[in-house]
Amino acid sequence: MDAEIRADFPVTRELVYLDTAYDGPCPVPVIEAGKAFLERRARGVAGRVDDWMLVAHEVKDLVGKLINAKLGEIAITTNTTEGTNIVATSLGLGPGDSVVWDDLDFPSNAAVWFNLERARGVKNRIVRSAQGRVDLSDFERLVDSSTRLVTVSHVSHTNGYVHDLKSLADLAHARGAYLHVDGIQAVGAIGVDVREAGIDFLTAGAYKWLLGPMGVAFLYVREELIPKLQPACAGWRGVKAWADDLPVRPPELHADARKFEVASVHFQGLYELKAALEYIHRIRMDRIEPQVLRLSSKLWSGLHNLGFELKTPSEPSSGIVTCILRDVEETAQALRDANIVATFRAGNQLRVSPHFFNTADEVDSLLEVLATVGARS
């Protein structure tokens, strides 16, 4: 990426930051948007709720353009898992229904589905991965007429494996089920098109590849399904019109995805997310994704050539590459000494996740350090 983009990321002045899958560093426009909101709030001129909800409207429009969804199909949530819980509790699942997911999914999602099993008697069917991947045939064996939902992480947080969403959607729909997607490790790094992929529900937080704030996320619900879902929780943001004779008559809820929103959110974060989305749109996904894949492919090849055992399947198609380490403590110290940031996971694994602001030289810097500590024999 060019020097102008690099200058927008203060982190690049101090660190070789290869850890966006953990936390995406905010670019300057996002920082400035947050500061401006706080300064206005400190002076008592930050606006009223109507002003903040207008920004939420603009955020939804920007999200919709990013994932090819309609504005009315987007709800603002606080995190990825909140969106998943909304889907889980709004579908009316119960005894006799099954949910199919795989062991590359994020643990928080597993907690949602196991809770549904405890609370409502829903059966969990778990697809087991092999060599870091899951084949469609593995899902086909478990998805049947009892299945109401197939749910996956688009990109696995463990090793960067990318699910074939279109094939999963076709499988789910052919058997009367829906497809739910955790998109937090995909949106902002690789292209996501909910229409083309046939996704029914998608939820994603803003603080990783979208380079936005913590405490803000979004939920996509396919337009045709919104009337069929009954939210388990309610609050003022989901209300279209208040009944004059409240509490005798209940308030009317919005007919679009706003019906899934509850109450106040991180409004400062909405200003920051708007700036982050505008930044992503300005750089453009047709530039971002190729850069992410160039760097992850270079990383995968470099680790392979150094003899590291890789958890990531060959030919990376996301921004995440994971390898097995010989000596975690030695590697951690070597990376600290070189001011390189990545994530250590599962005892002896290193997960590296470059974004578009990173460079090939930074990947080389990491590979040079790892060459000194050596691969596991």
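This is a predicted model: local features need pLDDT of at least 70, side-chain atom pairs count only at pLDDT 80 or more; totals for chains, interfaces and linings use all residues.

Reply: The structure holds 10 aromatic pairs. Here the rings of Phe, Tyr and Trp (its six-membered ring) pair if their centres lie within 6.5 Å; planes under 30 degrees apart count as stacked, over 60 as edge-to-face, and the rest as tilted. Residues are numbered from 1 along each chain as its sequence is written, and side-chain values use heavy atoms, with hydrogens and water left out.

The pair links distant parts of the chain, 270 residues apart. Phenylalanine 9 sits in the loop between helix 1 (3–7) and strand 1 (16–17). Tyrosine 279 belongs to helix 9 (residues 267–283). Helices (H or I, at least four residues) and strands (E, at least two) are DSSP runs, numbered from the N terminus. Both phenylalanine 9 and tyrosine 279 are buried. Buried means under 20% relative accessible area, exposed means over 50%, and partly exposed lies in between (1.4 Å probe, protein chains only). Phe9 and Tyr279 also belong to one aromatic cluster with Phe356 and Phe357.

Now stay with helix 9. Helix 9 packs against helix 3 (residues 49–67) at an angle of about 30°, with the axes 9 Å apart. Axes are lines fitted to C-alpha atoms, for helices over the stretch in contact, and angles run from 0 to 180 degrees between N-to-C directions. Helix 3 and helix 9 are therefore roughly parallel to each other. Angles under 35 degrees count as roughly parallel, over 145 as roughly antiparallel, 65 to 115 as roughly perpendicular, and the rest as oblique. The crossing of helix 3 and helix 9 is left-handed. That label applies if the near helix is turned anticlockwise from the far one by less than a right angle; clockwise makes it right-handed.

Which residues of helix 3 and helix 9 meet? From helix 3 come Asp51, Trp52, Met53, Val55, Ala56, Glu58, Val59, Leu62, Val63, Lys65 and Leu66. From helix 9 come Phe267, Leu270, Tyr271, Leu273, Lys274, Leu277, Glu278, Ile280 and His281. Contact means heavy atoms within 4.5 Å. By class, the contact of helix 3 with helix 9 has 14 nonpolar, one polar and five charged residues. Ala, Val, Leu, Ile, Met, Phe, Trp, Tyr, Cys and Pro count as nonpolar, Asp, Glu, Lys and Arg as charged, and the others, Gly among them, as polar.

Phenylalanine 37 touches Ala46, Trp52, Phe267, Gln268 and Tyr271, not counting residues up to four places away in sequence. Phenylalanine 37 counts as buried, at 3% relative accessibility. Phenylalanine 37 and valine 328 are 291 residues apart in sequence and 42 Å apart in space, C-alpha to C-alpha.

Leu66 has another partner, valine 192. Valine 192 lies in the loop between strand 6 (178–182) and helix 8 (194–197). Leaving out residues up to four places away in sequence, valine 192 touches Leu66, Ile67, His154, Ala186, Val187 and Leu202. At 8% relative accessibility, valine 192 counts as buried.

What follows helix 9? Arginine 284 is in the loop between helix 9 and helix 10 (285–305). Phi of arginine 284 is near 85°, a positive value in a residue other than glycine. Most residues other than glycine have a negative phi. Arginine 284 counts as partly exposed, at 41% relative accessibility.

Helix 4 passes helix 5 in a right-handed crossing. Helix 4 contributes Thr81, Thr84, Asn85, Ala88 and Thr89 to the contact, and helix 5 contributes Ser108, Asn109, Val112, Trp113, Leu116 and Arg120. These residues divide into four nonpolar, six polar and one charged.
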